[in-house]
Structure formats: C-alpha cells, structure tokens
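Thanks for asking me to look this one over. Here are my notes, point by point, to read beside the model.

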Amino acid sequence: MMSVAQPTVEFLGAAGTVTGSMHLVRAEGRRILLDCGLFQGRKDLRLRNWGDRVPDPRTIDAIVVSHAHVDHSGYLPLVVRKGFRGPIYCTAATGDLLEVVLPDAAHLQEEEAERANRRGYTKHHPALPLYDAADAEAVLRLIARREYETPFPVVRGVTATLRPAGHILGSATIELALGGSRPTRLVYTGDLGRYDRAILRDPAPIPDADILLLESTYGDRTHATGAEAELAALVQDTARRGGALLVPAFAVDRTQELLWMLRRLELAGAIPVLPVYCDSPMAIEVTDIYRRYAAECDPQVAAAFERGENPLHPGGLHIARTPEESKRINDVRGPIIIISSSGMATGGRILHHLALRLGDPKTTVLLVGYQAPGTRGRALEEGAERIRIFGIDTTVRARVAEITALSAHADRDETLRWLGGFARPPRVTYLVHGEPEATSALARAIEKRYGWRVEVPTDGQKVELAA
C-alpha cells in the first residue's frame with residue numbers, strides 16, 4: 001500500500017499521448033503541478049479540457065511551467081478560473097511569451113465560438129469559449145520569473161532548478177529537490193530540444209536524478225538532415241510554378257526559425273527573394289521577444305542582433321498585423337510564401353488561407369512540425385482528399401510536403417545523447433509526452449543502450465517517488 005508520507009507524482013496528461021502535459025507532485029504535504037497544458041488533436045482528448053482535470057485547483061500550492069507552448073501552458077486560465085491563486089514559476093523568457101500566448105489562445109477560443117454561433121455549425125447553443133481574455137489576464141498576475149541554473153524555493157521543503165532545454169526560447173528542464181538534507185531529485189524534461197539548432201543553444205546536461213520524467217515524442221525515429229536544402233527546393237519550385245507556399249507554423253520558435261532560414265538562403269543566392277507574408281500577430285510579437293533575449297539564442301543569431309542586424313527578416317517580408325491586412329493577402333497571386341499559425345492547423349489565420357488555396361494545384365502546403373492525431377495538419381500529412389474548415393468540406397488539390405528536420409523535439413538518438421550526460425542513472429525513468437509506438441521504441445532503446453529501468457505510465461496513474 002502506498003505510504004501517505006512518501007512523495008508521489010500523478011500523471012494527469014501527456015501519458016500515452018503527446019499533448020495535455022500535466023503532472024501533479026505531492027511532497028511535504030504540498031501539491032505542485034509540473035506544466036498545465038491543453039489537450040489537442042482527437043476530439044475525445046479535446047473534450048477532456050472541459051472537465052475537471054485537476055482535483056480542486058484551490059489546493060494546488062504552486063505550478064512550474066517548462067515552456068510556453070499551449071500543450072504545456074494553455075490550461076492555466078482554467079485552473080486560475082477554478083480557484084488556483086499560487087505562484088506560477090517559469091523562466092523570464094517564458095513569462096514574456098505567456099503574456100502573448102495565453103491572451104492569443106483566449107482570443108482564438110472566443111473567435112471560434114463567435115464564428116460557430118454566427119454560421120450555425122455548432123451542436124451547442126450557444127457555443128462558448130473554453131476560456132476568455134479575462135481568464136488569461138488573471139494568469140499573468142501570478143507569473144513568477146526565475147533564472148536558469150539558480151535553485152529557488154517552490155514550497156516549504158521543495159526547491160526547483162531550471163536549466164535550458166533547447167526546445168524554444170525560455171524552455172527549461174525542471175529539477176525538484178523533494179525533502180530535507182537528502183532530497184529525492186525529480187527531473188522533468190518538458191519538451192527536450194535538439195543539438196546544433198539554427199536559433200537556440202543546445203539542451204543543458206543534467207548531472208543526476210532519482211526519478212526522470214522524459215519526453216518521448218520522437219522516440220521511434222531520427223530526424224532527417226538538410227532542412228535548408230529542402231526548403232530551398234520548395235521555394236524554387238514555388239517560384240517556377242507561380243503558386244503559394246503555405247506554411248502552418250507555430251508562432252513560437254518555428255516561425256522565427258523559418259524566417260532565419262529564408263534570410264540565410266537569400267543571402268547565399270540559393271533562392272529568389274519572394275514576397276513572404278508573416279500572418280500571425282502572435283508570431284510578430286514573439287519575434288520581438290527573441291530579439292530581447294538574444295543572449296539566450298544561438299551565438300550566430302545573438303551576434304547578428306548585437307551588430308544591429310535583423311537576422312529574422314527576409315528581404316520580401318510583409319507583416320500582417322490586423323485582420324484587414326490578413327484579408328488583403330487573399331488578393332496576392334503567386335509566387336508567394338505565407339507563414340501563419342497554428343502549426344497543426346487547428347485554428348488561427350492559417351485556416352482562412354487553407355480554405356482559399358487548398359483547391360489550387362499550384363499551392364504547396366509545407367508541414368514543419370509534429371501533427372497530432374485528429375488535427376487538420378495530421379489529416380493533410382496522411383493524404384486526406386478533403387478537409388473540413390469552418391464547417392465546410394474543402395477539396396485538397398494542393399501538394400503537401402514535409403520538412404521533418406525542422407522539428408524542435410529531440411529525436412531518439414538526440415534523446416539518448418542527452419541521457420548520456422547523467423553521471424549516475426535515475427532509479428526509474430517514466431516516459432511521457434509520446435504516442436504508444438514512439439514511447440515503446442524509446443523504452444527499448446534506453447534499456448538496450450544504458451540498461452536503465454524504464455516505465456510507461458498510464459493516464460491518471462499515481463506512483464511513489466521515494467526509494
């Protein structure tokens with residue numbers, strides 16, 4: 001029988017699936033959430049966002065957020081609405097990104113509900129947003145920014161240390177020291193990033209852990225190389241065919257990486273200078289935040305900012321801030337590059353561009369990140385002939401291409417490389433944030449390479465952390 005006094009972790013999301021990251025740690029009589037993310041993708045998962053995922057949020061003492069992507073932070077407005085009033089710890093850059101990401105997520109929720117009511121494609125009357133702008137603003141008042149590599153108290157008897165994860169700007173691995181003079185060390189990776197990325201520094205090594213919660217999104221594969229060459233070929237093809245290169249891209253990190261690569265390719269003479277429309281108000285704000293935190297970027301990017309240059313500004317860049325500016329893109333003929341969110345085509349302005357241009361065989365839709373099951377992005381990835389947008393079935397005549405080398409998630413080999421930095425193995429490693437095939441493959445790879453004890457938790461499972 002589980003001892004009440006022992007620290008535990010309960011997996012409330014991202015166990016057996018990729019999204020909805022949320023892990024409840026009980027220690028020293030206190031309750032701490034590691035991440036507080038939305039489920040995305042399949043309808044059965046999305047419906048869970050409307051339920052009571054966290055037992056009595058009023059009794060949660062603190063939340064520590066690994067990074068600003070909504071599948072790790074997008075449930076925060078709901079726990080605050082339901083009574084949470086404690087601190088929300090994160091890095092400074094993550095705090096700044098949340099000031100953009102959460103109000104934008106609320107706006108999209110409100111916009112989608114309003115559109116569903118206006119056009120009548122809802123089963124609920126009236127359709128309501130999951131949360132609103134006031135809920136998002138309430139979260140921002142609770143954010144407590146902390147520095148990398150500097151331990152800080154989370155609650156009495158528990159300290160945390162944040163280290164660079166290399167996934168997006170501000171992303172962090174989280175180490176919790178649970179207990180007194182000989183604490184149990186719990187390390188949670190959040191989303192582990194990659195080595196030798198174009199914009200960010202490498203993920204920092206972890207010296208040791210007793211318990212490891214490890215991301216496994218791409219645990220069954222290795223990423224391709226040659227992203228810039230693939231992008232150059234697609235841009236050249238777009239120029240020849242006179243079509244649109246339509247890129248659903250996450251506003252945080254992926255858009256900035258694409259802009260950086262397009263600028264580099266232009267300067268190298270590898271691609272023509274085409275009109276590039278960045279149609280995401282959030283991505284525009286996020287790009288400014290990257291400039292503010294240049295010191296946390298890859299040295300090459302940081303040096304360019306320090307010289308007064310803007311390495312994230314292709315020669316033909318156009319910014320669409322307002323809805324009117326976004327609508328005017330509809331009248332622009334190709335060749336044209338449109339980068340817009342969301343990255344899985346689950347919402348945002350990208351949907352308008354898809355609805356308009358998917359039927360044109362000269363259009364190329366470029367997928368540049370993970371596409372969760374149940375999303376329009378996954379449907380396109382799997383060759384769907386029709387996609388439902390705004391309640392209307394849209395025929396897909398466009399070409400669909402992928403550049404998997406642009407992923408911001410560590411693949412199997414990069415994860416194994418990072419694990420090699422441990423001075424001693426964890427007592428047990430729990431694999432989270434992955435689909436079953438990827439998780440099982442990574443478990444086998446870790447056991448074969450290092451001989452570690454690896455377990456795959458089930459949704460809602462609670463495990464004891466002490467020896």
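1. Leu178 stands opposite Thr184 in S10. That strand, residues 184–188, runs antiparallel to S9 and is joined to it by five bridges. Strands here are DSSP E runs of at least two residues, helices are H or I runs of at least four, and both are numbered from the N terminus. Two strands count as paired if DSSP finds at least two bridges between them. In general, strands of a sheet pair through backbone hydrogen bonds, either parallel or antiparallel.

2. A word on the source: this is a predicted model, in which local features need pLDDT of at least 70 and side-chain atom pairs count only at pLDDT 80 or more, while totals for chains, interfaces and linings use all residues. Residues are numbered from 1 along each chain as its sequence is written, and side-chain values use heavy atoms, with hydrogens and water left out.

3. Now the sheet itself. Seven strands make an open sheet with mixed pairing, in the order S7-S8-S9-S10-S11-S20-S21. At its edges are S7 (152–155) and S21, each pairing on one side only.

4. Thr173 belongs to strand S9, residues 172–178. Is Thr173 buried or exposed? Thr173 counts as buried because its relative accessibility is 0%; the cut-offs are under 20% relative accessible area for buried, over 50% for exposed and partly exposed in between, with a 1.4 Å probe and protein chains only. Leaving aside neighbours within four places in sequence, its contacts (heavy atoms within 4.5 Å) include Thr161, Tyr188, Ile206 and Trp418.

5. Rings of Phe, Tyr and Trp (its six-membered ring) pair if their centres lie within 6.5 Å; planes under 30 degrees apart are stacked, over 60 edge-to-face and the rest tilted. The whole structure holds six aromatic pairs. One of them, Phe422 with Trp452, is edge-to-face, at 5.7 Å centre to centre and 80° between the planes. The two residues are 30 apart: Phe422 is in the loop between H13 (412–419) and S20 (428–432), and Trp452 in the loop between H14 (436–450) and S21 (454–455). Phe422 is buried at 9% relative accessible area, and Trp452 is buried at 10%.

6. Two arginines are worth a look. The charged end of Arg417 sits over the ring of Tyr195, 3.6 Å from its centre, and Arg53 lies over the face of Tyr75, 4.8 Å from the ring centre. The test asks for NZ of Lys or CZ of Arg within 6 Å of the ring centre and within 35 degrees of the ring normal.

7. Asp279 lies in strand S13, residues 276–279, and is buried, with a relative accessible area of 0%. Its side chain makes a polar contact with that of Ser326 at 2.7 Å. Such a contact is a pair of N or O atoms within 3.5 Å; within protein, one must be able to donate a hydrogen and the other to accept it, and residues adjacent in sequence count only if both atoms are side-chain atoms. Not counting residues up to four places away in sequence, Asp279 also touches Arg349 and His353, among others.

8. Finally, helix H6. Ala227, Leu231, Ala232, Leu234, Val235, Asp237 and Thr238 are buried there, and their cover includes S12 (244–248) and H7 (254–267). Just after H6, Gly242 takes a positive phi of about 70°.
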